[in-house]
Amino acid sequence: MSRFVLQIKSPYETKQVAVDNELSIGRTDASDLPLDDAGLSRKHATFFVDRDELLVVDEGSTNGTFVNGKRIADRPRAVRDGDEIMLGTGTTITVGTESREIRPAPPIATSTPEPVAKAESGKASAAAPKSAGTPFLLTAAIGLFVLILGFGGIALWIGGNSGNDNPTGRPTPPIASGLLIPVRVTDPLGGEDPDDLDDLIASWEVEEKELDMKTLRDVTVSPTDTLDDEKYLEVKAAFVAERKAKSFESRGNQPTGISPAGLKVPAELRGDGVIKQKAKLSQMKATGYLQPLDFSDLAQKRITRELIEMPMATDSFYLEVGGSATTDPFTSFSFQSGDVPIQGGSPKFQPLLQVAQKFGVSLENPTDRKQIRMRLLRMFNKRAKPVLEEVAQAYYQKFNRPLRVTSLTRSMDYQISLNRTNANSFKVRGEGSLPPHTSGCAFDLARKHMTVEEQNFVMEKLAEMERAKKLDALIEYGVNACWHIFIYYDGIAPNM
C-alpha cells in the first residue's frame with residue numbers, strides 16, 4: 001500500500017509532508033501546516049484521504065486553490081500522483097506517493113502456530129489457523145462484525161451524500177448575488193476579518209490593464225499653471241513609450257521572474273509592515289480623512305492639493321497607470337445608491353468641470369473623459385513623491401533603467417470596477433472599508449521583469465528606507481509580482 005506525500009515549495013521554504021488522514025494548510029496556526037506565504041488565507045485548503053484516494057478542498061480562500069492550473073470550486077477534488085496544486089501567491093504542491101510495508105496482523109495464539117506465507121504480489125499475509133474450536137469461532141465472529149460495520153458505514157455515507165457533491169460535509173460557501181459591491185461569496189475570506197489588512201494583503205496588488213501607448217497624449221501645462229509649480233508635469237507621450245521600452249529591454253540570459261534563483265527577501269519586506277499600515281489607515285479614518293469615492297472626489301483632492309499629480313515619466317520611473325480607465329460619462333458613487341449619473345451644475349459636477357478646464361479638455365468628449373481619469377489616477381500624497389523619487393533614482397543610477405510604477409491612488413468606484421473583472425483585487429466590503437490605494441499613501445513597483453540582482457538591490461534599498469522609518473514595504477508574488485510601498489500620511493511612523 002502507498003501513502004500520499006506532498007512536495008511543498010513556498011516562497012521561503014521547501015518541505016515534504018505525508019498525508020495519513022487530514023492536513024490543512026494556511027498562513028497561520030489555524031491550519032495544521034502554516035506556511036510563510038502572504039497570499040494564503042488563514043486556513044486555505046485541506047488535503048484528506050478517503051478510501052485510498054487523496055482529495056483537496058478549498059476552504060473558501062481569497063486567492064483560490066488551483067489543480068493543474070484549473071481553479072477548484074467549493075467541493076473536494078481528487079488528486080493523483082504527479083498533480084500540481086497552486087495555493088496563495090507563491091506556493092506549489094506536487095502530489096507523490098510513498099510505498100509503505102503492510103505488516104501482517106499477529107496470528108491468534110494456538111497450540112500449533114502456522115507459518116507466514118507469501119502472497120502472489122510478494123507481500124506477506126497471515127495464514128488462517130487450522131485449528132478449530134473457540135479461537136476460530138472468535139476470529140470468524142470478529143470478521144463478521146467488522147464486515148457488518150463496513151457495509152453499514154458505506155450505506156450511511158451513500159445516504160448522507162445522495163445528491164451532495166461535498167463528501168466532507170463542510171459547509172459550501174454561499175454565492176453572493178444582487179449585491180451592490182461585487183464579491184464572489186458572501187464572505188470571500190472564508191470566515192476571516194474583512195477589515196484585517198493581514199487577511200487582505202494578497203488582494204491589494206492588482207495591475208490595471210497595460211497602457212495602450214497609442215491612447216496616451218502629451219501633457220502640456222498652460223502658463224497659468226506655472227503659478228502652481230506644475231511645470232514638471234509636462235511630458236510627451238513618446239517619452240513615456242521610450243521609458244517603457246527601456247524598462248523592459250532584454251537582460252540577455254540573466255534570470256528574471258517572480259522568484260528567480262538567488263532572490264534574497266529582507267525580513268522588513270515579509271509582512272511585518274501590515275500592522276503598521278493598518279494602524280496608520282485606522283488613524284487616517286479616525287482623524288477625518290475622506291476617501292475618494294469617485295472621480296469627482298479625486299478631482300476635488302487635486303484642486304485642494306491634498307493629492308498631487310505625478311508626471312507620466314522621468315528618467316528614473318514611468319507610470320503604468322490608468323490602463324483600465326474608461327470613456328464613460330462620470331458618475332457619483334455612494335455605498336447606498338451605487339453609481340448615479342452626475343448632472344450639470346450639481347456639486348459633484350463642479351470639480352470635474354474645473355479640472356477639465358485646467359487640462360484643456362471637454363467633459364462631453366469620451367476620449368477627453370478617459371484622459372481626465374488617467375491624470376487623476378496619477379496622483380498620491382505629496383509626502384510619497386520624494387520617497388518614490390529616492391527609490392527610483394537609486395535604481396536608475398545602478399542599472400540605467402526606469403522603475404515601472406503600476407498603481408498610485410484609486411477612487412473607491414474605480415477599485416470596485418476592478419473587482420468586477422479581476423478576482424484578485426482588494427475586496428471592497430462596504431462603507432468604512434479603506435483599501436490602501438484609496439488612502440493616497442500607497443504605490444506599487446513591478447518586479448517580475450527584473451533580474452535577481454535588480455530585485456535584490458531594490459529590496460535592500462526599501463529595507464534601508466523602512467529602517468529609517470520612511471516607509472513600509474511588502475513583497476507580493478503571483479501574477480502581479482510587485483512591491484507594495486506605503487508611506488505615512490503625516491510623516492510619523494507608528495510607535496510599534
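**Salt bridges, cores and strands in a predicted model**

Glu249 has a relative accessible area of 29% in this predicted model and is therefore classed as partly exposed. The partner of Glu249 in a salt bridge is Lys246, with 3.4 Å between the closest N and O atoms. A second salt bridge, between Asp294 and Lys348, has its closest N and O atoms 2.9 Å apart, and this pair links distant parts of the chain, the two residues being 54 residues apart. Asp294 lies in the loop between helix H4 (273–286) and helix H5 (295–303), whereas Lys348 lies in the loop between strand E17 (338–341) and helix H6 (349–359). Asp294 counts as buried because its relative accessibility is 0%, while Lys348, with a relative accessible area of 22%, is partly exposed.

Across the whole structure, the search finds 28 salt bridges. Among them is that of Lys236 with Asp218, whose side chains meet at 4.0 Å, N to O. Both residues of this pair are in the loop between helix H2 (197–204) and helix H3 (237–247), 18 residues apart. Lys236 counts as exposed, its relative accessibility being 55%, and Asp218 as partly exposed, at 41%.

The largest nonpolar core comprises 73 residues, and those with the most contacts inside it are Leu403, Phe443, Leu445, Leu462 and Trp483. Helix H8 (residues 384–399) supplies the largest share of this core, namely seven residues. Apart from this core lies another, of 21 residues, including Ile25, Leu33, Val67 and Ile85. When neighbours within four places in sequence are left aside, Leu462 is in contact with Leu269, Val391, Leu471, Ala473, Trp483 and Ile485.

Ala473 belongs to strand E21 and is buried, pointing the same way as Ile475, whereas Asp472, Leu474 and Glu476, also buried, point the other way. Since five of the five residues of E21 (residues 472–476) are buried, this strand is largely enclosed by the rest of the structure. Strand E21 runs antiparallel to strand E22 (residues 482–486), to which five bridges join it; in E22, His484 is the bridge partner of Leu474.

A further group of five strands forms an open sheet of mixed pairing, in the order E4-E3-E5-E6-E9. Strands E4 (33–34) and E9 (77–79) are the edge strands, each pairing on one side only. Within the sheet, strand E3 (residues 22–26) and strand E5 (residues 45–50) run antiparallel and are joined by four bridges, with Ala45 in E5 as the bridge partner of Ile25.

Notes. Residues numbered from 1 in each chain as written. Predicted model: local features only at pLDDT ≥ 70, side-chain atom pairs only at ≥ 80, totals over all residues. Heavy atoms only, no water. Core = buried A, V, L, I, M, F, W, Y, C linked by side-chain atoms within 4.5 Å. Buried < 20%, exposed > 50% of the residue type's maximum accessible area, 1.4 Å probe, protein only. Contact = heavy atoms within 4.5 Å. Pairing = 2+ DSSP bridges.
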